[in-house]
Amino acid sequence: MAAIYQAVYRRASSLICRLHSTYVRKMRYLNVLKEDDSLCRQAQTSGTFYLFHNLSPFLQKVGEKYFVPQLSAAEIKRILEKFKETEQWIEKSVLIGCSDEHIPHFALDLGALEKSVIESQLKGSFTNLQKALFVVDGKDSPLLASAQSLLQWHNSHQYCSKTGQPTQRNTAGSKRVCHASGITYYPQMSPVIITLVSDGSRCLLARQPSFPQGMYSALSGFCDMGENVEEAVHREVAEEVGLEVESLWYSASQHWPFPSSCLMIACHALVRAQQAEISMNKLELEEAHWFGLEEIMEGLKRQPRSAKQNDGSFLPWFPPKQAIAHQLICEWVKQQTSQLA
C-alpha cells in the first residue's frame, strides 16, 4: 500500500508541481506525512530507520571509518522478534527526513531492550552522541543530532504543563496534544549565541570547566527572554570577559543538541585593541586568552591526543570541523591571512 501511495504521489506531484524543484517536492511530501497519520503509518513500512538506545545512536565501524546504517522495516521486525516484541514498536519511531526519492527516514529508540543483543545482531555499537557526531560523515551528523533531540523532546513532554494529563503524539512525532486542555505542543529549540571576539589582530578563546582538557572555544551563552541576537552578544562578552563589543556581524547557524536542542547563532565581534584587557568571570569560565594568528593555525592542526605533553599538560586545541566554533575560527584565520597578502 505504501509503495502504491508513493507512486501515486509522485505522479500527482509531477502534474501539480512540474515547475517545482526536487527540494520543494520533498518538503511537501514530508509535510503530508506530518499531517496525515494514516499515510505516515504506511510510510513506516517502506522507510529506513536510524536506531538509538537511550538516546545513543547505533554505529558500525568498517576499517577506521564509522557509518550510520539505515535499517529497513523488515530488519527492525527481525530484531523485535528476537525479543518477542510486536511490530507496534515501529510506531514509536519519529520522522526525521526523507531522500530525494521520497523514502522516509525515521529514528527509533530501543532503550527498553537489551543493548548487547541488538549490537551482536547488527554487528555494531551504540555510541554516545557527542562522540558519534565527531566520527561519522559530515552529512550524517545533523541527522543524528536532530533525531536525538526529537526523541529526547518526546521523553520530556509526555504530560501537559497546564493540566498534568498525558499528551498524545501524532504518528510522525512532529507534535503532542493534550486532549484535556486542547493545547498542542511542538518541539522547540533554545537560541544560543556563539561569538568569536577579535581585537583586530588577535582572537579570544576560552575554556569552561566541562570542556575536554586543553580545548578552547568561542564564547557562548543562551539568549535571555526578550533579547535580540545583538543584545545577547554584547551582554555575554561583557559578562564573561569584561569587554565591550564595538561591532559584530553574523556568520552562520547550527543545530546543537547539547545539553538539549539548541540553535547556535554564530557571530564575529570586534572590540577595541586599546580596551582589550580580559576580566574573566570565574563563575562561568576556567580560562580565557588572546591568541595570535600563528598560535591559532598551530592549534587547528592538533588533535586532542597530540595536544598532551610529556609533563601531563595540554597544548591548546580547538573544536573539530563539525562544530560551528571551528568554522568561526577558520573564518577569522582566512580574514587575517587575506590582510597579510
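**A walk through the predicted model**

Asp-140 is buried, at a relative accessible area of 10%. Buried here means under 20% relative accessible area, exposed means over 50%, and partly exposed lies in between (1.4 Å probe, protein chains only). The model is predicted, so local features need pLDDT of at least 70 and side-chain atom pairs count only at pLDDT 80 or more, while totals for chains, interfaces and linings use all residues. Residues are numbered from 1 along each chain as its sequence is written, and side-chain values use heavy atoms, with hydrogens and water left out.

Asp-140 has a salt-bridge partner. Its side chain meets that of Lys-139 at 3.6 Å, N to O. A salt bridge needs a side-chain nitrogen of Lys or Arg within 4 Å of a carboxyl oxygen of Asp or Glu. Lys-139 counts as exposed, at 62% relative accessibility. By this rule the count comes to 10 salt bridges.

Another one joins Asp-199 and Arg-202, at 2.8 Å, N to O. Asp-199 counts as buried at 9% relative accessibility. Arg-202 counts as partly exposed at 30%.

Now go to helix H8, residues 229-241. Helices (H or I, at least four residues) and strands (E, at least two) are DSSP runs, numbered from the N terminus. Glu-239 and Arg-235 both lie in H8, 4 residues apart, about one turn of the helix. Salt bridges that share partners join Asp-224, Glu-227, Arg-235, Glu-236 and Glu-239 into one network. Within it, the side chains of Glu-239 and Arg-235 meet at 3.2 Å, N to O.

Helix H9 spans residues 293-301, and Leu-293, Ile-296 and Gly-299 in it are buried. They cover an arc of only 130 degrees around the axis, so they sit on the same side of H9. The arc is taken from the directions from the helix axis to the C-beta atoms. On the other side of H9, Glu-294 and Lys-301 are exposed. What covers the buried residues includes strand S12 (203-207), strand S16 (287-291) and helix H10 (324-340). Contact means heavy atoms within 4.5 Å.

Strand S16 also holds Phe-291, which pairs with Tyr-216 in the loop between S12 and strand S13 (219-222), 75 residues apart. Rings of Phe, Tyr and Trp (its six-membered ring) pair if their centres lie within 6.5 Å; planes under 30 degrees apart are stacked, over 60 edge-to-face, and the rest tilted. The centres of Tyr-216 and Phe-291 are 5.4 Å apart and their planes stand at 70 degrees, so the pair is edge-to-face. Both residues are buried.
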